[in-house]
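Colleague: I am new to this one. Can we go through it in short questions and answers?

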Amino acid sequence: MNVEFFYLILFVIAALYAAVGHGGASGYLALMALYGIAPKEMKPTALVLNLFVSLTSFIQYYRGGHFKLRIFIPIALASIPLAFLGGMIHIEDTLYKRILGILLLFPVVRFFFFKSPDDSELKDPKIYLSLLFGGVIGLLSGMIGIGGGILLSPVLILLKWTNQKQTAAISAAFIFVNSIAGLGGMFTKEISFTNDMWMYIICAFAGGLLGAYLASKKLNQNGLKYVLAVVLLMASYKLISSTI
């Protein structure tokens, strides 16, 4: 696989993730792993790309009035310090790929099996659960180098705290602050970025803009979710099978 194809896939991944309110780190990590990029470069690179794409997505959903600050605050307060701590933790490469492969299955399950609740079904969040899930997801996010949206979204939908668009708005903001915290933890250690970082940013940001545009035009998100789910399922299989 050549580098031009890598940039194209990176662009497509960013567009698909942004359209459903995610930053895309799990997709970027899977792509970089398949191209043989070292995890010490993968993690900070994915979080930087997350910043651009999740912010673009958040602005789109925030303008639509879908962001729920009272739900976001306790989750983020618990998550941010633990994402910073997670960013300081090093995981052996083989174990890292296995964990990433397993985490990629979370959005697959959500996209295929979790239906967005109607507004009449929504429930008030429990503070202790918000803090618990925020902390656990934050720690995992920092360790693996993701923003945590792929883990938070199924929780919000399953517990019926938010509908689909509210979930996307909260997840985008959550990804942004977690990515900053995770990067902060990583900067306490020795990290490195790929030499092609600027090209990665350009491709991801352009893809994020396209995804946000598609979302604003009320394109059928179910079709986009299923495409993304299939891509992630294939990536998960390749990552897990390569470590067995």
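Colleague: Is Glu121 buried, partly exposed or exposed?

Modeller: Buried needs under 20% relative accessible area, and exposed needs over 50%. Glu121 has 33%.

Colleague: How many salt bridges does the structure hold?

Modeller: One is the Glu121 and Lys160 pair. Arg70 and Asp124 also meet through their side chains, at 3.7 Å from N to O. The count for the structure is two.

Colleague: Which helix holds Arg70 of the Arg70 and Asp124 salt bridge?

Modeller: The two residues of this salt bridge are 54 residues apart and link distant parts of the chain. Asp124 lies in the loop between α6 (105-113) and α7 (127-144). Arg70 lies in residues 69-87, helix α4.

Colleague: Is Asp124 buried or exposed?

Modeller: The cut-off for exposed is over 50% relative accessible area. Arg70 passes it with 58%. Asp124 has 57%, so the call is exposed.

Colleague: Which side chain of opposite charge is nearest to Lys43?

Modeller: Lys43 lies in helix α3 (residues 39-63). Lys43 is buried yet has no salt bridge. A salt bridge needs nitrogen and oxygen within 4 Å. The nearest side chain of opposite charge is 8.5 Å away, and it belongs to Asp93.

Colleague: Which backbone oxygen lies 2.8 Å from a polar atom of the Lys43 side chain?

Modeller: The Lys43 side chain reaches the backbone oxygen of Ile89 at 3.5 Å. Beyond neighbours within four places in sequence, the contacts of Lys43 include Leu29, Tyr96, Gly142 and Met186. Met143 is also one of them. The backbone oxygen at 2.8 Å is that of Met143.

Colleague: What is the relative accessibility of Gly23?

Modeller: Gly23 is in the loop between α1 (3-19) and α2 (25-34). Leaving out residues up to four places away in sequence, Gly23 touches Tyr17, Tyr28, Asn50, Val53, Ser54 and Ile175. Gly23 counts as buried, at a relative accessibility of 0%.

Colleague: Is Gln166 buried or exposed?

Modeller: Gln166 is in helix α9. Residues up to four places away aside, it touches His66, Lys68, Leu122 and Trp161. The relative accessible area of Gln166 is 11%, under the 20% cut-off. That makes Gln166 buried.

Colleague: What percentage of residues 166-185 is helix?

Modeller: The unreviewed UniProt entry lists 166-185 among its "transmembrane region" spans, along with 69-88. Residues 69-88 are 95% helix, with end C-alpha atoms 28 Å apart. For residues 166-185 the ends lie 29 Å apart, and the helix share is 100%.

Colleague: Which helix has the lowest mean pLDDT among the elements of the chain?

Modeller: The chain has a mean pLDDT of 86, and 95% of its residues reach 70 or more. Where pLDDT is low, the predicted coordinates should not be read in detail. Helix α4 has the highest mean, 95. The lowest mean is 78, in residues 221-241, helix α11.

Technical notes:
Residues numbered from 1 in each chain as written. Predicted model: local features only at pLDDT ≥ 70, side-chain atom pairs only at ≥ 80, totals over all residues. Heavy atoms only, no water. UniProt positions renumbered as here; feature names shortened; annotations may be inferred. Helix = DSSP H or I, 4+ residues; strand = E, 2+ residues; numbered from the N terminus. Buried < 20%, exposed > 50% of the residue type's maximum accessible area, 1.4 Å probe, protein only. Lys, Arg positive; Asp, Glu negative; His and termini not counted. Polar contact = N/O pair within 3.5 Å; in protein donor to acceptor, adjacent residues only side chain to side chain. Contact = heavy atoms within 4.5 Å. pLDDT = per-residue confidence, 0-100.
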